[in-house]
Amino acid sequence: MTAALPFNPPSPDAPGKPSVRTWIPPAATQEKHNFAELHSIDLSLLDSPDPKVQQALVEKVKEAIRDDGFIFLENYGISLEQLHRQFSLAQYLYDNITEEDKQRLLFDPDTGMWSGYKHPYGFKRQRGPADGIEQFNWYPREWNNYNYIPECILPFMDEIKAFCEYLTTSVNRRLLTLFSRVLELEDDYLWKHVQSHGTPTGEGYFRHALFRPVQKTTEAASKGLRMHGHTDFGTTTQLFSVPISCLQIWGRDEAWHYVPYKPGALVINIGETLEIVSGGHFKATRHRVYKPPADQAHEERLSLVLFNSSVGDLRMAPVASSPLIQREGCIEEQGVYKEFRRLMDAGVPVPTNKQWREIQIAEATDPTDTVRNRIGADQVVLGGKLMQQREYFGVKVLLPV
Ligand SMILES: [Fe+2]
């Protein structure tokens, strides 16, 4: 494998580009209680000339994805300054997007995609109670036709596109190489056979998200929750570690823990596709977005996320040719793989990746929805824990609240 080149983006100072206010990261929380400890992976070690170093890296990845399903990635090729430029662009988008563009590009989750602009009134096109979350999502539609992009951000599309291309074709490809090696498959197996291609984010999407502090009424209705506990549906999700601590993961101790801030690091979370492909050896990470610790209650949280997607037409099953799976079998202790297995054993076809991701988006509910979020509706108590229970295509999805 040839060594990865560092990110070399188009210039921020090219003629015709408006000046952009520099994003200043807010202060990290002083709170130390209830934070997870995550494994950290140095991606540059994949370029080591020493096979022993590479093998040790694969072993470390194997342990990390079995333990948490969440890992910090460091030395992946993008500098802190380059990363902060992308945050400045996201800040610029929310400073400058016009009301007309918000209307024109308004999302329509009933289509099964978040494509476009999400208003801060819940996860349906029709406005519900304020949730303080704005997003812009770049799907294939946005990459392929810049009429679907907010006008204010058009001068910077060269930088945003280059950033996403680097994250997918360099960072995610290398990551999938590591995961393929864990499954003892050829280096490009997951990249070639599972990962979708064709746009800077394949069939997946890139997101600029802005979480504003919410009113007391919203916080009371949602019990402090900003996004429900869930697992992502694709291959991997690349999130940038941010100073405002809202992201939480469900630990082995069956409790929620904040993900700590590590400047410049990428937080990688394993999606459902990889859990199924690996026969449960990889765990799709259960995570949610919750209110931050008290000292950050009044801060805005800006977040950049790239959702890598699997090929939409595929129906996922464990890779039978993986020597790891042949030797150790599959692991059915929890999660989406166990539920897909139930269908396969009953001879019922599992949904395609496209069907699976689109139904979950179309059927998403809001944390402020006090009708659905109660026992007897979408919630059940199991083993003393409050869980969210949904079913799509005969597949049960059970997640901690
Ligand atoms: Fe997620």
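This is a predicted model: local features need pLDDT of at least 70, side-chain atom pairs count only at pLDDT 80 or more; totals for chains, interfaces and linings use all residues.
Two residues are in contact if their C-beta atoms, placed from the backbone, lie within 7 Å. Residues are numbered from 1 along each chain as its sequence is written. Helices (H or I, at least four residues) and strands (E, at least two) are DSSP runs, numbered from the N terminus.

I begin with Ala-209, which is placed in strand E5, residues 205-211. Setting aside residues up to four places away in sequence, Ala-209 touches Ile-133, Gln-135, Ser-303 and Val-305. A residue is called buried if 20 or more other C-beta atoms lie within 10 Å of its own, exposed if 12 or fewer, and partly exposed in between, with C-beta atoms placed from the backbone. Ala-209 counts as buried because it has 21 C-beta neighbours inside 10 Å.

Strand E5 covers residues 205-211, and UniProt, in an unreviewed entry, lists residues 205-310 as "domain: Fe2OG dioxygenase". UniProt positions are given in the numbering used here, feature names are shortened, and annotations may be inferred rather than shown by experiment. Over residues 205-310 the chain is 12% helix and 39% strand, and the end C-alpha atoms are 11 Å apart.

Next, the core. A nonpolar core is a set of buried Ala, Val, Leu, Ile, Met, Phe, Trp, Tyr and Cys residues joined through C-beta atoms within 7 Å. The largest one has 84 residues, and Ile-71, Leu-73, Phe-179, Leu-266 and Val-267 touch the most other members. Helix H5, residues 157-182, gives the most to this core, with eleven residues. As for Leu-266, its contacts beyond four places in sequence are Leu-73, Tyr-76, Gln-238 and Phe-240.

How do helices H1 and H5 pack? Helix H1, residues 51-67, meets H5 at an angle of about 85 degrees, with the axes 9 Å apart. Here axes are lines fitted to C-alpha atoms, for helices over the stretch in contact, and angles run from 0 to 180 degrees between N-to-C directions. Angles under 35 degrees count as roughly parallel, over 145 as roughly antiparallel, 65 to 115 as roughly perpendicular and the rest as oblique. H1 and H5 are therefore roughly perpendicular to each other. On the H1 side the contact is made by Leu-57, Val-58, Val-61 and Lys-62, and on the H5 side by Leu-178, Arg-181 and Val-182.

Now to Pro-9, in the segment before strand E1 (39-42). Pro-9 is partly exposed because 18 other C-beta atoms lie within 10 Å. Pro-9 touches Gln-82, Glu-159, Ala-162 and Phe-163, leaving out residues up to four places away in sequence.

Two further helices deserve mention. In helix H10, residues 335-345, the buried residues are Gly-335, Val-336, Tyr-337, Glu-339 and Phe-340. Their cover includes helix H8 (272-277) and strand E15 (395-400). Helix H11, residues 353-362, has Asn-353, Trp-356, Arg-357 and Glu-358 as its buried residues, and these pack against H8.

I close with backbone angles. Most residues other than glycine have a negative phi. Lys-223, although not a glycine, has a positive phi of about 55 degrees, and lies in the loop between helix H7 (216-222) and strand E6 (225-230). Phe-393, also other than glycine, has a positive phi near 50 degrees, and sits in the loop between strand E14 (385-392) and E15.
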